[in-house]
Amino acid sequence: MKNKTVAAWLAFIGGPLGLHRFYLHGKGDLLGWLLPVPTALGLYGLERVQQNGLDDLWSWILIPLLGFTMAGCALTAIVYGLTTPEKWNARFNPSASTDAAPGRTNWFTIGAISLALLVGTTALMSSLAFSFQRYFEYQIEEARKISQ
């Protein structure tokens, strides 16, 4: 029986590593195996910033991948948490009754939804702000080079 609360927390905490996908779909899930790729690239971008500074072109291309992956996984946690028990049990627990306990929402599910909304929004807005800032700074620098 796949528990909705466990799936929401796994999507929120371990989503960038694909843990929720493995929990719900098993070890053969391709998307579960692909989710760590943008996460690792984003972490590599953070490492490049520490080594090369903020002017590194590759870092400002790679870092948003981590933020967007985190935001997407937070959204997945919210969707899981808000799924009705009937839909949840029909999809992930077909042998159980439509109102079985694993599909029900409880306070731990609401906690996962709330934290996912907070952290996911922060990650998304930070990634967008970082991307646009670096893009416009790059454009200004290129315009200065042309004018000289």
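# Close-up views of a predicted helical chain

**Figure 1. The whole chain, as a starting point.** Among contacts in the protein chain with a separation of 6 or more, 62% are between residues 24 or more positions apart. Please keep in mind that this is a predicted model. The protein chain has seven helices and zero strands, so its elements, read from the N terminus, run α-α-α-α-α-α-α. Its radius of gyration is 19 Å, well over the 15 Å that the globule rule gives for 148 residues, so the protein chain is more spread out than a compact globule. The C-alpha trace spans about 75 × 30 × 20 Å along its principal axes. Of the 148 residues, 37% are buried. The chain exposes about 9,000 Å², and 68% of that area is supplied by carbon and sulfur atoms.

Figure 2. A pair of aromatic rings is described by the distance of the centres and the angle of the planes. The structure has seven aromatic pairs, and here we look at the one formed by Trp-60 and Tyr-138. Their ring centres are 6.0 Å apart and their planes meet at 50 degrees, so this pair is tilted. Trp-60 belongs to helix 5 (residues 57-82) and Tyr-138 to helix 7 (residues 107-147), so the pair links distant parts of the chain, 78 residues apart.

**Figure 3. Trp-88 and Phe-92, a tilted pair within one helix.** The ring centres of Trp-88 and Phe-92 lie 4.4 Å apart with the planes at 45 degrees, so this pair too is tilted. Both residues are in helix 6 (residues 85-92), and because they are four residues apart there, about one helical turn separates Trp-88 from Phe-92. Trp-88 has a relative accessibility of 1%, so it counts as buried. Phe-92 counts as buried as well, at 13%. If you widen the view, Tyr-80 comes in: ring pairs link Tyr-80, Trp-88 and Phe-92 into a cluster.

**Figure 4. Lys-2 over the ring of Tyr-23.** This view shows a charged side chain with an aromatic one. Lys-2 lies over the face of Tyr-23. The distance from Lys-2 to the ring centre of Tyr-23 is 5.3 Å.

Figure 5. Side chains of opposite charge can pair when their charged atoms come close. The structure holds four salt bridges, and one of them joins the side chains of Asp-29 and Arg-21. The N to O distance in this bridge is 2.7 Å.

Figure 6. Two bridges can be followed here. In one of them, Glu-137 pairs with Arg-134, and their closest N and O atoms are 2.4 Å apart. Glu-137 and Arg-134 are three residues apart in helix 7, about one turn of the helix. With 34% relative accessibility, Glu-137 counts as partly exposed. In the other, Glu-142 forms a salt bridge with Lys-145, with 3.7 Å between the closest N and O atoms. Because Glu-142 and Lys-145 are three residues apart in helix 7, about one helical turn separates them. Glu-142 counts as partly exposed, at 27% relative accessibility.

**Figure 7. The surroundings of Arg-134.** Let us stay with Arg-134, which lies in helix 7. Its relative accessible area is 9%, so Arg-134 is buried. Which residues does Arg-134 contact, leaving aside its neighbours within four places in sequence? Arg-134 is in contact with Leu-54, Asp-55 and Trp-60.

**Figure 8. Thr-39 in helix 4.** Thr-39 has its place in helix 4 (residues 36-52). With a relative accessible area of 7%, Thr-39 is buried. Setting aside neighbours within four places in sequence, Thr-39 is in contact with Pro-16, Leu-66 and Thr-69. For orientation, Arg-21 is 18 residues from Thr-39 in sequence and 15 Å from it in space, C-alpha to C-alpha.

Conventions. Residues numbered from 1 in each chain as written. Predicted model: local features only at pLDDT ≥ 70, side-chain atom pairs only at ≥ 80, totals over all residues. Heavy atoms only, no water. Phe/Tyr/Trp six-rings, centres within 6.5 Å; stacked < 30°, edge-to-face > 60°. Helix = DSSP H or I, 4+ residues; strand = E, 2+ residues; numbered from the N terminus. Buried < 20%, exposed > 50% of the residue type's maximum accessible area, 1.4 Å probe, protein only. Lys NZ or Arg CZ within 6 Å of the ring centre and 35° of its normal. Rg over C-alpha atoms; globule rule 2.2 N^0.38 Å. Contact = heavy atoms within 4.5 Å. Areas by Shrake-Rupley, 256 points an atom, 1.4 Å probe, with all protein chains shown as cover.
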